[in-house]
Amino acid sequence: MNITDYGWLGKLSWDSIVFSDLINNFSVSAAVGSTAGAIVIFATIATLALLTWFKVWGTLWSEWLTSTDHKKIGIMYIVFALVMMTRGLLEGMVMRAQQAAAPDGFLYADHFAQLFSTHGTIMIFFVAVPFVVGLVNLVMPLQIGARDVAFPVLNQISLAVTVSAGMLLMVSLVVGKFSTGGWSAYPPYTGGDFNPGVGPDYWIWAIVFSGAGTTLTGINFTVTILKCRAAGMNFFRMPMFCWTVLCSSILMIFAMPPLSVAALMLGMDRYLDFHFFTNDLGGNMMNYANLFWLFGHPEVYLLVLPAYGIFSEVFSTYSAKRLYGYKSLVFATMSIAVLSFTVWLHHFFTMGQSPTINIVFGIATMLIAVPTGVKVYDWMATMYRGRIRFTTPMIYAIGFLILFVIGGLSGVILANPTVDFQVHNTLFLVAHFHNVLIPGVLFGVLAGYNYWFPKAFGFRLDERLGKWSAYLWIVGFMLTFFPLYGAGLLGMPRRSFSYMDLTFKPYMVVAFIGAMVVLCALISLVLQLLVSLRDRKKNRVPVGDPWDGRSLEWSIPAPAPSYNFAELPRVTDRDEFTEAKEQGRAYQPPKVYRDIEMPKNNPLGFLLCVLSGILMFALVWYMWWLALLSALAIIIVVIASTFRWDSEQIIPASQVQQDTERWLALVNNTEPVGRDLENTPQNNGYAKLEH
């Protein structure tokens, strides 16, 4: 059928609704899918009802949905990532349950294929990326002494299109079915002939729009670090986290476009009968593999590098020591960023390249482990003879050190093309992939979440539940994925919804138990937040430095004011705040209070979020009239936004002086606490300087 042959509703019909499968042909698999769709519907209704009941729509609109404050945008990114992580984790648990129950099982093969496709897509693009971007938004401008990112409205737009694309994936649980082509969406499995349904279209438009948001974010962060640093902060006075963000942002700029181009070319194959990735009329499927992995491997380091920066902050702060080997860490970070573009072909060693090409990329893959090894030794040297506090972030960091080294070593094994040829299509590769990303990225962002939460909200998270959650994440990860190494070496193929060889079953049962432990870790993470909200008054840290921090974000109140700094700082040392505390320069009022100019709230991001969501849904379902209207509306809204003349607001010097003097009075009336009391109500955010 030609794309112009559809009516007003395009491909949409009653049979597109998830509950139709349950009604027309009852099965456990259909019941699982319908339950997921029902959860999305009821969760949406409940959220809207609660917002209405507590009458917070006005506050939500004026303080959050239209805000251009980098801190609030960062928090919204993190909330979005946590919501998506809940779905991705539950899908992973269902897959583990299916494989543990095999060979009988309870899911259809097609349903299982949708699960592993959405799980991978969500966890990479809509959990890891927004969680990392959220923490960077929250912290990086504070660390470099800036008032905001370089382009606040662009920051808002990046969040808007990312959330919109994520919501499109949520809609796919209710209307239609998602792609069965995996998170990498290889043709021909996602081509029009093999898969004429809307599943691959959901993937294509979610990736195109979220990829655009990530690319714009990379540009924004790069310009912010290059042009908005405080006076005196040269590159080698930047905190390590900012270095990793800079390198990661450059990866965003250069690695995301190949994926966007590949997705658009796949879309043209499906919508316009092009032949970029077909076997006829000049198409070549390997072109897709090259484009995808030209993005795919830098993507790993795009995520891991900021996590390295978080671990650097954590090791230094909770060891009460200056970060060891700072310059070697910087050069190692830059080396990883460059080398990440030289290894993409190891993702298809088995697809027929010449031995010479495989050898070159195998050597490059081994080389990239060297700068990572440098980092590991520097972190261990930082802890050496330090006064280590086993806080929640430190538990995540030490778990990362041990588990990430194991994952890295399994990657070096796979760098050998002959070994890779044997295990490439087995669960060994799945174990390696998760062994890198979960300790390397998830543990990193959860460490950062616990570490910087007081700066964002002005009170500490519950430490006891935080430690429980960290231990559960570590144990659950090991139980879930370490058995997959064994099953993979025994020959169990990845993406298998069932199997007949019962040798695999004990491994799958242990992996399912591990998935249940991971679910308990997620529940404990939620409980930690709820208990912390309940106890927030006794855990308040308004002075702003609960951990004896070393960089500029700890030198201001918690939560930070919208303008961040009453007076932009002048930096003289890499650990500027520690240096200021040692010299008695911390907590000093500005010599002169001045008016501060900040961007006003802007509805553009929210409008683009809604309109881009409508546009994507219309494109997925071939509703051309709706797609045209929403595209025109986007153009009109963007053009109209350029005519806003009152885009800036002035915060008067008197207000800045009032806020600052109130905070400094609080500092003077607060008793400094040592590290032994940092998780007690005595800690009001005024840490005693200790070595």
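Helices here are DSSP runs of H or I with at least four residues, numbered from the N terminus. The model is predicted: local features need pLDDT of at least 70, side-chain atom pairs count only at pLDDT 80 or more, and totals for chains, interfaces and linings use all residues. Residues are numbered from 1 along each chain as its sequence is written, and side-chain values use heavy atoms, with hydrogens and water left out.

View 1. P188 sits in the loop between α6 (152-171) and α7 (199-227). The bond joining P187 and P188 is cis, with omega about 10°. Most peptide bonds are trans.

View 2. D273 is not a glycine, yet has a positive phi of about 60°. This residue lies in the loop between α8 (240-272) and α9 (285-319) and is exposed, with a relative accessible area of 56%. R385, also not a glycine, has a positive phi of about 60°. The loop between α12 (369-383) and α13 (392-414) holds R385, which is exposed at 74% relative accessibility. Exposed means over 50% relative accessible area, buried under 20% and partly exposed in between (1.4 Å probe, protein chains only).

**View 3. Salt bridges of K581.** A salt bridge is a side-chain nitrogen of Lys or Arg within 4 Å of a carboxyl oxygen of Asp or Glu. K581 and D545 form one, at 3.1 Å from N to O. K581 is in helix α18 and D545 in the loop between α17 (505-534) and α18, so this pair ties together parts 36 residues apart in sequence. K581 also meets D548 in a salt bridge, at 2.6 Å from N to O. D548 is in the loop between α17 and α18, 33 residues apart from K581. K581 and D545 are buried, and D548 is buried as well.

**View 4. Other salt bridges.** The whole structure contains 17 salt bridges. In one of them, the closest N and O atoms of K72 and E63 are 2.9 Å apart. K72 is partly exposed at 21% relative accessible area, and E63 is partly exposed at 36%. R322, R550, D573 and D575 are linked in a salt-bridge network.

**View 5. The second largest pocket.** A pocket is an open set of points on a 1 Å grid over the protein atoms alone, where a 1.4 Å probe fits, with protein on both sides within 12 Å along at least five of seven lines; lining residues have an atom within 4 Å of a point. The volume is about 920 Å³, taken as the space filled by probe spheres set on the points, which are joined across faces, edges and corners. Of the 33 lining residues, S555, F565, E567, Q588 and W663 lie nearest the centre. Helices α18 (576-583) and α21 (653-668) each supply at least two lining residues, and α21 gives the most, with five. The lining has 21 nonpolar, five polar and seven charged residues (nonpolar: Ala, Val, Leu, Ile, Met, Phe, Trp, Tyr, Cys and Pro; charged: Asp, Glu, Lys and Arg; polar: the others, Gly among them).
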